[in-house]
Amino acid sequence: MEVISGSGIHNIVVVVTRDSGGMLLGTGGLVRAYTDATRAGIENSDIVEKIPGRRVDIAMDYTDLGKLQYMLAQNEVLTEDTEYTDKVIIHALFPESDKEKLKKKITEATSGRVRTQEGEEVYFGTVDGEVIVF
């Protein structure tokens with residue numbers, strides 16, 4: 001428990017299975033074995049911060065695409081996909097805490113030409129630069 005508490009990670013479960021192979025470690029040896037296994041597991045894990053948010057579709061003409069991509073990058077908004085047809089639709093993930101502020105920035109930056117449509121509530125994060133939705 002001290003390893004888990006000291007790691008600063010929340011919502012974590014560690015399972016250590018030991019096959020003794022007939023070797024008795026005693027209480028101190030067993031605690032060291034479990035502690036070392038827990039520490040190694042945490043050190044070799046990808047830690048993902050789950051951010052509460054919402055899927056938001058942003059529909060626009062091609063003329064607004066560059067400005068929107070720049071604005072989304074400046075605000076560190078994660079995108080799942082972009083559709084290019086007669087118009088452009090960016091499928092973005094907005095943190096719940098910034099959702100209204102981001103929608104307002106989009107409206108102001110494009111003089112109301114760009115439409116946003118809220119989708120489902122999700123948790124999301126990144127691992128090695130890849131977007132993960134939970």
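View 1. Helices (H or I, at least four residues) and strands (E, at least two) are DSSP runs, numbered from the N terminus. This is a predicted model, in which local features need pLDDT of at least 70 and side-chain atom pairs count only at pLDDT 80 or more, while totals for chains, interfaces and linings use all residues. Residues are numbered from 1 along each chain as its sequence is written, and side-chain values use heavy atoms, with hydrogens and water left out.

**View 2. Helix α3 has a buried side and an exposed face.** Within α3 (residues 65–74), the buried residues are L65, L68, M71 and L72. They sit on the same side of the helix because they cover an arc of only 130 degrees around the axis (the arc is that of directions from the helix axis to the C-beta atoms). On the face turned away from this side you'll find Y70, A73 and Q74, which are exposed. Here buried means under 20% relative accessible area, exposed over 50%, and partly exposed in between (1.4 Å probe, protein chains only). Just past the end of α3, look for E76, with its positive phi of about 55 degrees.

**View 3. The largest nonpolar core has 15 residues.** I58, M60, L68, L72, I90, F94 and I106 are the ones with the most contacts inside it. At least two core residues come from each of β1, α3, β3 and α4. A nonpolar core is a set of buried Ala, Val, Leu, Ile, Met, Phe, Trp, Tyr and Cys residues joined through side-chain atoms within 4.5 Å. Zoom in on L72: leaving out residues up to four places away in sequence, it touches I58, V77, T79, I90 and F94. Contact means heavy atoms within 4.5 Å.

**View 4. Five strands make an open antiparallel sheet.** Read across, the order is β2-β3-β1-β4-β5. β2 and β5 (130–133) are the edge strands, each with a single partner, so one side of each has no neighbour in the sheet. From one strand to the next, the twist averages 40 degrees. Helix α3 packs on this sheet, touching β1, β2 and β3, and its direction makes about 15 degrees with that of β3. α4 lies across β1, β3 and β4 (115–127), at about 145 degrees to β3. Axes are lines fitted to C-alpha atoms (for helices, over the stretch in contact), with angles from 0 to 180 degrees between N-to-C directions.

**View 5. Strand β3 is buried on both faces.** V88, I90, A92 and F94 line up on one side, with I89, H91, L93 and P95 on the other. Eight of the eight residues of β3 are buried, so the strand is largely enclosed by the rest of the structure. β3 pairs with β1 over eight bridges, and six bridges join β2 to β3; two strands pair if DSSP finds at least two bridges between them. D81 has H91 as its bridge partner, Y84 has V88, and R55 stands opposite L93. β2 and β3 form a hairpin with three residues between them.

**View 6. R54 is a buried arginine in β1.** Its relative accessible area is 14%. The R54 side chain makes a polar contact with that of E118, at 3.2 Å. A polar contact is a pair of N or O atoms within 3.5 Å; within protein, one must be able to donate a hydrogen and the other to accept it, and residues adjacent in sequence count only if both atoms are side-chain atoms. Leaving aside neighbours within four places in sequence, R54 contacts several other residues, among them F94, K99, E120 and V122.
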